[in-house]
Structures are given as C-alpha cells and as structure tokens.
Amino acid sequence: MINYYMLIQTKLCMPTPGPRLLARIHLLAHLDEGLARRLTLVSAPAGAGKTTLVATWLRHFQEPAWQKSQSPIPNPNPPAIAWLSLDESDNDPGRFLTYLATALHIAGSESGKVALSLLQNEPHASLELMVTVLINELLSQQDRIILVLDDYHHIGAPAVHRAISMLVEQPPPCLHLVLVTRTDPPLPLARLRAHRQMQEIRNEELRFSLAETTAFLGNELEQALTTADIVALEQRTEGWAAGLQLAALSLRRHEDASTFIAGFSGRHPDVLDYLVQEVLQRQPSHIQEFLLQTSLLSRLNPSLCNAVTGRDDAHSLLHYLYRANLFLVALDDDHVWYRYHHLFAQVLCNRLRTTQPTSETMLHARAAAWFAHAEMAEEAIQHALSARDFALAANLISRFGERTWTSNRPATLLGWLDALPTDIVRTRPYLGLLRAWSLWLISRWYAVAPALEEAEASLSLQETQSYENDPPQPVLEGIAAAIRANLALSNHEPAQAIHYAQISLRHLPATNFVWRAIVSQISGDCYRAFSDWQAATQSYDEAILIGQATQNIYTTLSAIRSRAELFHMQGRLHMAEAGYRRALQLAEEMEGRHLTATANCHIWLARLLCEWNQLQEAQRHLEEAIAICRPPEYGVGLIMGHAVLAELHYLRGDVATAWTTLHEAQKLARIFPLDNMQQYVQQVEVQFHLTQASERGDSEAMQALVVWAQHRGYMVTTQFEQPLQEAVLYAHFLLVQGLRAEALEFLSHLRIRAQRAGQNGIYVRLLNLEALALMAEGSYRPARKRLRQALDLAAPERMVRPFLISGSALMPLLEQLRRQRVGLDVAAVTAAFADRLQPILVSYFARQRAGTAAPPISFTNRESDVIPLLAAGLSSRQIAQQLVVAESTVKTHLNNIYRKLAVNNRTQAASRLRDLKLI
C-alpha cells in the first residue's frame, strides 16, 4: 500500500468556515451553475476570499437543508467532495499524483484505488499515465465528484499542468474540477471559454459590495459604523476581503472608528504591514510571540506548536486565534490542524526575520525534530534544510530516501540531495548512490555515470566511516554494483552487466528485496542476450519470488513477462502465450491493469498473435498498451507498441497506415534515444522495404535497402556477428538483389547460429529463405527439403508469420509440397498446417500487391493542431493565442509544415493540403 505516514492528511481536508461567516448567495449560485460545465476557475489575488467561498459552497451539499431540485446536478444524490490543498512541494509529479489519487479515493468512491496501487508498484511511472488511469477509473463512477485543487498557483511544473489539461480536455462525465488560484494556470482557457465549458469567478465578483461590506462589518464589530464610514472603508479596501477583515480586527481596538478609517488606505503599498502591526500591537505579548514563532509552519497543531515554541498551552492559544478570526484556518472538522492565511503568514515571517533574526534557525530545527519524530519525512527534511542543519537533513534523507523514490517521488529526493552542500553528498556514499539512482529514474541518463563514479570514489575512501541511517559498507557496494550493472546493460555490455550483478548479489543481504529484485531482472536480461535460457530463467524466477513475497506486482509482472519472452524467442509460442496471459490475469486480479509492465505484456502478446495471424485480437492488445503508455514518458512501450502496430497494418495490406504508424514510432525513437528501440524500429522499416522490393519491384525501396546495408557496414562473411534478427534481414536483402550464392553461404552460417541459440522462430525463417535461394538456382529437391523442415518446426506452434514475410516466391514450392506430400512422407500435422497456410498466404500476397507503397506525409500532433488554423487564414499571433503557445513556437511549426509539403508560403501550403485532402 501507499506510505500514508508520508502524506500530510490535512492537505486533503476541506477547510472549516469560520463562526461568523457572511453568506454570499449570488456567488454560491454561480458555483452551482458551473457544475454543468467541465471546469470552475476561481482566480483572484491573495486574500480575496477564494478558499472560504468554495469551502462554504461545498458545505451546503453536506447540509440537510440543501434542496436537490435547486442544483443542476443530474444525479439526485449530493456529489462527493475531494479536496487537495497544494503547496510548492507538489510540483514533484509523484507527490502530486499521490495526493490527487488519495483525495479522490477518500471522497467516498473507488476512484483512485488503481492509481494508488500503480504508484506502489511502479515508482517512476509518468504523471500523465497516472491521470489516464484516474480518468479510466472515473468512467465507471456513477455519482458526481467535485474535485477542488486549492492554491493551484503554487504549481509551476509543466508535467502537472499537462496532467490537469487532460482532466479538463478529456473529463469523465462524473467529474467537475474546481481550481482555486491567484494566477491563471497555463491551460486551454480560451478554448474552454469559447465553448462555454468553464465557469469563472474572478476578483471583480469576489470583491465585497457595499451591502456585503455593511453586513460583514455588522457581523464582525460590536459598535455600529455610520454609513459614511462604511462607504469610506469599502472604497479604500475596494471590497478586498482580507483588507476588510484586517480593518475589522483593528477597529475592535479603536474607539474612534471614523479617525481610523480616515487614515486607512487600501491602495497604500504598506497597508497590509500597517494593519498586521496594528493587530499584533493590540494583542497580548504572549500572543504576539506565539504568532511569530509559529509563522514558519505551513500547518499547525498543538503538539507541534508546543515543540517549536517551548510552551505547553498551544491548544488554548490556537482555539483563541481561531475564534478571534485571527487569520487561522481550520483544516479539519475536529480542529486539530490549522494553517495561517498565507499572506498573513508571510508578513509574520518577515516580521520575525526583522525583529528576531537569530530565532529562525532554531525554530526550523525544532520543527524538523518534531516532524522527524512523527515520521513526516518531507516536512522534517524541508525544515532541516531551512535550519541549515545539513547533518540532520542528510540523516533524514538517508533514512527516508529509499521510501521516497519507491513511492514514485524520485524528483523530490533529488531536490533534497541537490539542496545539501556538495561536500556532504560527496563524502556520504549512500547519498551519492541515491542521487545517481534518482537521476536514472527521472531519465537524466547522461548524468548518472558521473554521479555514480563520484559515489564510488567516496565509497572507496570511507571504508571505516559510518553515518547514521546509512546502510553498512557491503550493502553500499551492492547498491553501487546494481546501478553499475544497469548502466552496463543499457550500454549493450551484457557481460559487464552480469559481472556487476553477481557482485551486487554477493553484497546485498537476502532481506534487501528492492535491490535484489532489480539485480535479478537485470541478470535475466543479460543471460537472455547470451541465449543462456537456463540462467535467464533462474534469474527471472528469483525476481518472481521476490515480487510475490513483497506483493510487488510490477516486479512480478515484469519477471513473468520476461520468462514468457524466452519461450517466444525459442519458438515455443503456446508456452509464451500462457505466460503473457497469466501476467495479464495477475494484473487484473491485483489491480495492476494500468502498469507499464502490463503494457509490455500486451505488446508481447500482440507480437505473438501476429505470428499466428490473429490480427484483430493483436490490435486490441496494442491499442490497450499504447493507451497505458500515453502521454509519452514511457518511451519503450510507446515506441515498441507503435512499431508492432505498424507491422500489424502491413500484414493486413494497409500499407499507408503502416507507414504512418511507423513514422510515429520513429518520431518517438528520436525523443527517447534508446539504442535497442531505435534498432527495432529500423528493422521494421527494412522489412517493409524488403516486401515492397520483392513483391512490387519497388526501385526506391531497393535503393533504401542499399543505403541501409552500406550504412551498417554489412558484408558476407562467416564471421558476421551482428544481432541475429538484423542478420536475417541482410540475408533476405541478398536474395532480393539476386546474389543467391552469397545468400546461401550466409544463410548456412546463420542457421548454425540460430540453432545454437535455440531461436526456432528465426530458424524457420532462415529455412524458408534458404529454400527460396535453392529454388532460384534450380535445386528443387533440396529446396523442398528445407521448406518441409520449416513446416515441421512451424506446425506444432502454428507459426504463420515467418512464411508471410519470406515472400510470394515461396508459394509454388509450397504448392508442390502439398501435391506430393504422400510421396515425401509428410507428417499429418505438417500437412494439415500447410493446408491451412496456403489460403492465408494467397490472401496476404494479394493484399501486398494491391497496397499503396508510398509512405504518407507525417505531421506531429502540434503541427496537426496548426494546420486547420493555417487553412482558416489565421495569423501566427492568432494561432499562438488559440493554442496558448508562443508565437515563435507557431512559426517553427509552420516552417516544418512548409518543409514537409515542399512549399514556401501559406498559400502554397493551403493548396497542397487541399490536394492531399488533409483539410
């Protein structure tokens, strides 16, 4: 489960309105009207009463007097309420999603449950993926949910903004989103406004009218004010709620209200400081001291305040401040946790620094100690850093670091480490290792090796030094070796990776499940690269056991899938299918349907189904995998998913769609420069060219193949040791060129490699190609023998695809074999398979001959957004306003569109787009 002890529960509590609250009926009605739209935006400066208004509105839904008939909600039941108060630390995507999913989950629905499970089992999944999970969960929600994100102006992370855009632009029917913010967020507000999908309440609406000011002051003050005084105060505050409240607090202490109001100016830049000083000076000295000493706390409760101030009466003081409306907001119904009005807290902090400059460090240190004792890691570390008690901060990071990144918050961990003096990180190996691993998890791969080298250097110098909360020396060496193994594997050095993995396992204790699972998975991948199936299986089995023992579904799914891949590569398709389907069933049972590990299972099962020519089911699995991986932060799944989908379209004969999909895979491969994925995408492209060159005599395809072979430096030699899958493509290329003798020599060598590696799927394809080469030389009997061998191997596992991609020249040989099978003593299983295969091949090659070979023009998603606006005649500035981007960005997109269309201006582009029927 999620580490709830690391969550600040009061962030999820709706504030309790104060005892003397002014009802603002017209604004509550505006909020009610907004429920018929996607988004309600409450945007106004600090102190305008935004949070109080929304909290008051939501409280109405919880009161018996609320009349359902007066609400636009179609469901007769009151909506569920999910509240999340944001702060600067929520710019960490993992932290933000944890709170968002928890808020939805505790709102009284099942929504958020799957996302929370996903966070537990896949700590570095993308935020957009998680929001996709939430949207899909909410689709099954019957009752309405109002989700409030308070203080959204603290959010500056683009990833979080993109995630909220998804909720706004693709909202589930049950969800209504309310954003409470000081500044407009970078969301598509113009489009929402134009389509009447957004309700807005801004500073103009929030300003108190004269009637509201009169009512407010009547509630707050015992003495009666004259109409002239009320008008003057309303004009000077311009209806600003916080200004009115501060003025009312001061007026309680002034006998001459008219004199005070006459000297009050809401436009004066120091008005807030003036009013706070007036309030503070009128308070008893112990209250003033308490306010200043607790101003550094983002949240307050009696125990915390006592620890920070050294008092023992914080409970009564907080109760007094709340009842006195002294800018204290209750964060829960039990009035245990509070917070100061943000602007009030800022002024108090400034005054503390001015009047007690030496106290701040001590107060932060006391707060850090309290939060650490309460196991509230993030606030403990932040206060320790603010106190510049870097030794304490380092110890706390060491203590909570692993829990932080395994809870999907590597960015938070990295931020803490970067806030420490570099000398501390350099001299504490565990902190350096945490930093290297955090860099890996957030995809800053270029920085991992230097960070790891620095940590290893520190480790070698600190053999006798130990630090509080750091693992012992052997464990540190095991972690360093595990990270080193991961780096080696990513650099295509499996032998080195195995070496480091073995070192890691020797040092890691059996109880260190997190790192041993990582190492076992890496080891299995390395042994698989060497076709050591037994060792790979043992490693994956160990990872499965660890995953099951720790209820870590991500580890379990990954290991089960990897073991099924072994069967797949060996051509044992039925066993592979059983493994993939077992993993998917496990994902369903353990609520891991939306894990990226599950997406990988869908992709590999789809590849297997393509082997059997079961394209409809394969497409369903691919579409589900791609949906899990969007938006693109999980690059491997997206690249491979699109590449396999392109192959599927090609098998159907939909060549144009195949090329479009392949271009999308190529674009993703450029975004995520992963060598193995780039190689896979290139292999798919080469196979397309091979088919076009052999089936249609496409000269452009042949030229592309020549360029590819030259670029890769291929040559015919028995010492050729390129990846086997790619080598098969080169052998096919030799045949298409008509170099039969060279092809036969090369194929003979490759068959030995495939046989030794136990890769029967590739072996079947090599036999087919050899049969084609022998038939082209007039050696029909040996050719039939090779084809029969291929059919014998393929029949039990129903391998269809190796025959489809070998080429139509194989058809006459297959027909001869079918006619003469009695004399050739063909096995019944093989004969039946050949009979089923023949019509599949006929249909496939007919589709290939009819397909359109020319790859279409491919535009990015953003370019596709620009095209209709360009066609409508909008200027660059107008397009930028519509898309909420910079004008320079629009000009870049336009230039890319012109280049792809081979035109020079807007007029030519529009004409060309019409010719292509793209507009």
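Lysine 11 counts as buried because its relative accessibility is 0%, buried being under 20% relative accessible area, with exposed over 50% and partly exposed in between (1.4 Å probe, protein chains only). The model here is a predicted one, so local features need pLDDT of at least 70 and side-chain atom pairs count only at pLDDT 80 or more, while totals for chains, interfaces and linings use all residues. Residues are numbered from 1 along each chain as its sequence is written, and side-chain values use heavy atoms, with hydrogens and water left out.

Now for the charged contacts. A search of the whole structure turns up 31 salt bridges, each a side-chain nitrogen of Lys or Arg within 4 Å of a carboxyl oxygen of Asp or Glu. In one of them, lysine 11 pairs with aspartate 87, with the closest N and O atoms 3.2 Å apart. Aspartate 87 sits in the loop between strand S2 (80–85) and helix H3 (93–105), and lysine 11 in the segment before helix H1 (25–34), so this pair ties together parts 76 residues apart in sequence. Helices (H or I, at least four residues) and strands (E, at least two) are DSSP runs, numbered from the N terminus. Aspartate 87 is buried, as is lysine 11.

Lysine 11 also forms a salt bridge with aspartate 90, the closest N and O atoms being 2.7 Å apart. Aspartate 90 lies in the loop between S2 and H3, so its pairing with lysine 11 ties together parts 79 residues apart in sequence.

Elsewhere, arginine 528 bridges to glutamate 565 with the closest N and O atoms at 2.2 Å.
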